[in-house]
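Here is a short briefing to read alongside the model.

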Amino acid sequence: RPHCAIISRADYWYLAAKAVVETVTPNAPQNFAIPFTYGREDVASCSYSDFTDLDLSRLPGAEHGLAELERVFVTQMGLTLRDATALIGAHTLGRAQTAISGYNGPWVADTSRFDNAFFQDLLDDPWAKRTFNSGGTTLTEWRRGGRIMLNSDMALAYDIGLEDGTIGQRDRCGPIGDTRDDCQRQSGNTGTFAQLFADDNTEFLYSFSDAFIRMASVGYDDLVCSSCSVCVSSRPADAVTTTTTTTT
């Protein structure tokens, strides 16, 4: 309460997310931290009110693929596809709930750890497509036991047929290289980034931290850095990234 005149509710939620990620990240590199800045404004209402209209939705539609990820992260927010891929890796925490989204299940086995398990499972496991009705709407899940992936998750690493309308012919995707795989490897940057993050947990953590602060700073160029927090990326200066960061 003493800090309410200093940080907004929006700043508080950002701080809470930062604290959660840093608390539940095992084997984090030394000095790993998400920068904290404040100065965001609270608003009483949100102009994005029609979440069924993809032209207005703030979040990617889960039934869609790369074009939808580009619309939200690249076109609307000015981020890169590397940022988008890293941010979706946050699905390693928590689970989908029917009452909230219509989907049901965790993405990974251990939902209390923040690491690259989402990308490892995405690439290394076979995923079987399931369509079902939820509240009058047909939804799609890709399942492996009790775990799920959504179309927007699968599209990071696989061509699941959304762009050419052949998704109805794709019943199983993964693992990469399996002869029973109905899906081609995603040839775009997101497939490269998904593989990079699956292979290197440290690179995923740094990339997520970089993307998270950029996402939380969209629309602001005058946020204040907390004196008790790192103010820039905690990635070591000699930790050179190994892939391109272009947006398409």
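Axes here are lines fitted to C-alpha atoms, for helices over the stretch in contact, and angles run from 0 to 180 degrees between N-to-C directions. Keep in mind that this is a predicted model, where local features need pLDDT of at least 70 and side-chain atom pairs count only at pLDDT 80 or more, while totals for chains, interfaces and linings use all residues. Residues are numbered from 1 along each chain as its sequence is written, and side-chain values use heavy atoms, with hydrogens and water left out. Helices (H or I, at least four residues) and strands (E, at least two) are DSSP runs, numbered from the N terminus.

**Helix packing**

- Helix α3 (residues 81-88) packs against helix α7 (residues 189-199) at an angle of about 45°, and their axes are 9 Å apart.
- The two helices α3 and α7 are therefore oblique to each other (under 35 degrees counts as roughly parallel, over 145 as roughly antiparallel, 65 to 115 as roughly perpendicular, and the rest as oblique).
- On the α3 side, Leu 81, Arg 82, Thr 85 and Ala 86 meet Thr 190, Phe 193, Ala 194, Leu 196 and Phe 197 of α7.
- The residues of this contact between α3 and α7 divide into 6 nonpolar, 2 polar and 1 charged (Ala, Val, Leu, Ile, Met, Phe, Trp, Tyr, Cys and Pro count as nonpolar, Asp, Glu, Lys and Arg as charged, and the others, Gly among them, as polar).

**Buried places**

- Helix α5 (residues 117-124) has 6 of its 8 residues buried, so it is largely enclosed by the rest of the structure (buried means under 20% relative accessible area, exposed over 50%, partly exposed in between, with a 1.4 Å probe and protein chains only).
- The buried residues of α5 are Ala 117, Phe 118, Phe 119, Asp 121, Leu 122 and Leu 123.
- Val 72, in helix α2 (residues 66-76), is buried with a relative accessible area of 1%.
- Leaving aside neighbours within four places in sequence, Val 72 is in contact (heavy atoms within 4.5 Å) with Ser 57, Arg 58, Leu 59, Pro 60 and Met 77.
- Thr 37 belongs to strand β1 (residues 37-38) and is buried, with a relative accessible area of 10%.

**Disulfide**

- Cys 173 and Cys 183 are joined by a disulfide, S to S 1.7 Å (a pair of cysteine sulfur atoms within 2.5 Å).
- The torsion about their S-S bond is about -40°, so the disulfide of Cys 173 and Cys 183 is left-handed.
- Cys 173 counts as buried at 0% relative accessibility, and Cys 183 counts as buried at 5%.
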